[in-house]
Amino acid sequence: MARDGRCARAVVATLVALSAVLLAPIPPVAASVPPYRPAQPPSGAVLPSYAAGVPSRGAALPWSGAGVPSRGAALPWSGAGVRSPGPALPWSGAAVPSYGPAPPSYGDSPPAPSGHGRRDRPRHGPGQDTRQGTPQDTRHGISQDTRQGIGQDTRHRGSYAVAVRLASLGPAVLRRPDGELTLSGTVVNTSRHRVTGARVGVRTGPAALGTRSGLALTAGRTALVRADGEEIPHHTHRLPSLPPGAARDFRLRVPVADLRLGGAGAYGLTVHVARADGAVLGLARTFLPVYPDGTAFEPLRTAVLWPVTDTPHMEALTLRTPGSVRPVFRDDALAAAFAEGGRLRRLVETGARQPVTWMVDPDLVAQARAMADGYRVARTPGATDPRHTTAGRGGRAAADWLAALKRAVRGRDVIALPYADPDLASLARAGDGGEALAGLLRRASRAGKDVVDRELHVDARADVAWPAGGAVDAGIAAYAERLGLETVLASGDGVRRSSGALLTAGATDDGAATLGARLTALTHDTTIASLLARSRPGTGAAGAPGRLALRQRLLAESLTAVRELPYAPRALVVVPPRRMSAGAARALAEAVSEGRKAGWLEPSRLEVAAQDPEPGQLRDATGYPVALRASELPAHTLAAVARDERRLRTLSKVLSDPGGTAASAHAAMARALSTSWRGDPAGARSYRRGVSRYLSASIDSVRLVPKSTVTVAGQSATIPVTVDNGLQQDLTGVELRVSSSRPERLDAVDRAVGVRASRAVSRTVRVRVRAHANGPVRLTARLHTSADGKPWGRPITFTAEVRSVPSGAVAFVAGGVGLIALAATFRLRRARARGGGAPGAGG
């Protein structure tokens, strides 16, 4: 029985221990995310190892997973060993230096003797009590204070009592061991309780994060865990008492040697607020890249594309005056975007100092030119009467922006996107609607390149397709080829490259892949694109925390990508979102600049990244992202645009100067197909309907004025028909035809009468008719195009009362005829009487 009782207690103890393990916070990154290790090379190969967290290269070593070979001579830095989750290895003459003494390992080893290292560790990690499911630290770690109203749960950001906003961190990259790290920010009490006795401290991870997935896990973690390290002693900032809603600034200076960092890599850095009892009241996370001078990793060839696009604002409507034609805009939002401090202005100013490839929407350049030359703004978006507009106020800002863009792109590669940046995926899946619009887009894109070349004084490349999200399938690739495009920017999720040896375990390496005979896919980094799309920090002081977090994350992503294969030449292609915010652009530019200065990034041109394409293969269309499919333009929208294109062809046949009207309408139709409408279905519908209303109003403005009854007196006459020309240009190419319901009574002599009318006037056209008999006749008048005889607009029907001969003349003629008949009868009788008397007299 005693033995059975001991067994039962042992089972219970085992279950309790297992529960404690399962309920504990996320274990160290080094344990949860294994470092990247390439496949086992041949014996004697010289390849890096990640066992110690910092790869280096030197003499050939057997592949053991623990050794760290070195490259070059040792530098005059600390040669202390670095322990990692794998077997420890001393830095014997390592070329990649270490920042001070090595941090201890986070294993289940006995605590270090007092005075050894900078941290005192209990047996089971940093202050963790194995009897509870929650970490405890009686000094500077984590605790759950169930007796207070604040700091109760450190596992969820929403439960923290204070918000920590890290506004500055310098230097952005640590390269020397003798400097110091400076951090500043603000602490805000977001609770309903007063916070007293709190301090601001900083923690760094014990080892560089080995994988890019590890970066994502660290960034998304809201609780402190062992992998975050312990608070660095003697470098804290005491906070005064904080009432609810109060904010206090802080500033920390930490010598680099006290950070106890290892070699090159990205380290997690946590700034936290804690009470004296160890309860954590709030925290902020970022990353600290370390790249010691003398580190000789192979630089990552980095091609950065810089998109200059925006949502369409110019409509098809124009206001014509005797001396000018003023385009009409839906709103005046571009005036603010082009002005000092506006998104587009800051985007150009930031990119001007960077070695980037510019991706410009020709329609945006055309809109800026139209604004600079004078424009109108509709009082109601989608209005059809150009007289209901006001003068735009952004002409000077647009002209200045164009000049700044021209200066920025001088000497740089420029890509002219297809006009208005059409949604290729929506068009490829629209069936007949997409096919009908291919010709329109090809013509618009040729005109768009001319606009970019003329305004910016460049020879832009115009063969690049940019599908939404970089998602490519066979249909999208085929449609891009139909438009004459030769290179498609694709995420690595949709295109498989044949390379196998270099891309072992998915190391970062963007490059080109051939998709058939004429199309090449250039893959780009989807993680960086997603970070830039999600982060929209402001450009002022309020946006500083967001810009800092994004800059440090981008630096960490690129440096970790280098560490995946530190001595292999590879490429990184960065494609930001279409409407990249000014704050995100600034963070990206700073990250690229810091990476270049440190030495792990090397600028590259897009055409270099697209060289030597490998055979590629598109993934199945069923793998197309669901979210992207849900945001596509509906097929009925594209069909409506195709109908509008056909109606525009008809309208052009009756205009004296169809070129200008057709150009503005075609451009508006291309804008209705823009990728920028994704996420704004209401805006897309409003814009497309505005184009349709414009065409309907233009067609309806050439019409016949209704009439009721006309009188035709005589055998021949002319019937007046009034044509109203509401267009802003002269009307030609149209003719009037009149048909009769009773041609035996009345028919038209002129089968068709040409119509010419000046702009915005009415003209009376006279049609000759011939009468045959009296009585009412229904006449139908309708306009037709002269070129092909197709009906135009609605017909009008009216009645013609035919009176071939007046009534008095008819009576006079009838009386005359009667008198003639009587005279003839009288003469006949007299002749008969003379014949009867002669014979009787002679008997």
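Let's start in a loop: His457 sits in the one between α10 and β15 (464-465). The whole thing is a predicted model, and the protein chain in it has 20 helices and 31 strands. Of its 843 residues, 51% are buried. Take the contacts between residues at least 6 apart in sequence, and 73% of them join residues at least 24 apart.

**Two histidines with positive phi**

- His457 isn't a glycine, yet its phi is positive, at about 60 degrees.
- Is His457 buried or exposed? Its relative accessibility is 60%, so His457 counts as exposed, the cut-off for that being over 50%.
- His234 is another non-glycine residue with a positive phi, this one near 70 degrees.
- You'll find His234 in the loop between α3 (212-220) and β4 (237-238), and with a relative accessible area of 76% it is exposed.

**Two prolines in loops**

- Pro171 is joined to Gly170 by a cis peptide bond, with omega at about 0 degrees.
- Pro240 belongs to the loop between β4 and β5 (247-255); its relative accessible area is 42%, so it is partly exposed.
- Leaving out residues up to four places away in sequence, Pro240 touches Val195 and Arg248.
- Pro240 and Val195 are 45 residues apart along the chain, and their C-alpha atoms are separated by 8.5 Å.

**A buried aspartate**

- Asp385 is part of the loop between β12 (376-378) and β13 (389-391).
- Why does Asp385 count as buried? Its relative accessibility is 19%, and buried means under 20%.
- Along the sequence, Asp385 and Tyr694 are 309 residues apart, but in space they are 8.6 Å apart, C-alpha to C-alpha.

**Helix α6 and its partners**

- Two packed helices can be described by the angle between their axes and the distance between those axes.
- For α6 (residues 343-351) and α8 (residues 395-408), the axes come within 9 Å and cross at roughly 20 degrees.
- That angle is under 35 degrees, so α6 and α8 are roughly parallel to each other.
- The crossing of α6 and α8 is left-handed.
- Which residues make this contact? From α6 come Leu344, Arg345 and Val348, while α8 brings Asp400, Trp401, Ala404, Leu405 and Ala408.
- By class, the residues in the contact of α6 with α8 split into six nonpolar, two charged and no polar.
- Helix α14 (residues 582-598) is also a partner of α6: their axes come within 9 Å and cross at roughly 10 degrees.
- That makes α6 roughly parallel to α14 as well.
- Here Arg343, Arg346, Leu347 and Thr350 of α6 meet Ala582, Ala585, Arg586 and Ala589 of α14.
- The contact of α6 with α14 has four nonpolar, three charged and one polar residue.

**Helices α7 and α10**

- Helix α7 (residues 362-373) and helix α10 (residues 432-456) cross at roughly 55 degrees, and their axes come within 9 Å.
- α7 and α10 are therefore oblique to each other, and their crossing is left-handed.
- On the α7 side you'll see Pro362, Val365, Ala366 and Arg369, which meet Gly448, Val451, Val452 and Glu455 in α10.
- Five nonpolar, one polar and two charged residues make up the contact of α7 with α10.

**The nonpolar cores**

- In soluble globular proteins, nonpolar side chains tend to be buried together.
- The largest nonpolar core here has 152 residues, and the ones that touch the most other members are Trp306, Phe338, Trp358 and Trp401.
- What does Trp401 touch, not counting residues up to four places away in sequence? Its partners are Val308, Phe338, Leu344, Arg345, Val348, Leu364 and Ala368.
- There is also a second, separate core of 33 residues, with Val164, Ala198, Leu269 and Val271 among them.

Definitions and conventions. Residues numbered from 1 in each chain as written. Predicted model: local features only at pLDDT ≥ 70, side-chain atom pairs only at ≥ 80, totals over all residues. Heavy atoms only, no water. Axes fitted to C-alpha atoms, helices over the stretch in contact; angles between N-to-C directions. Helix = DSSP H or I, 4+ residues; strand = E, 2+ residues; numbered from the N terminus. Parallel < 35°, antiparallel > 145°, perpendicular 65-115°, else oblique. Left-handed = near helix turned anticlockwise from the far one by under 90°. Contact = heavy atoms within 4.5 Å. Nonpolar A, V, L, I, M, F, W, Y, C, P; charged D, E, K, R; others polar. Core = buried A, V, L, I, M, F, W, Y, C linked by side-chain atoms within 4.5 Å. Buried < 20%, exposed > 50% of the residue type's maximum accessible area, 1.4 Å probe, protein only.
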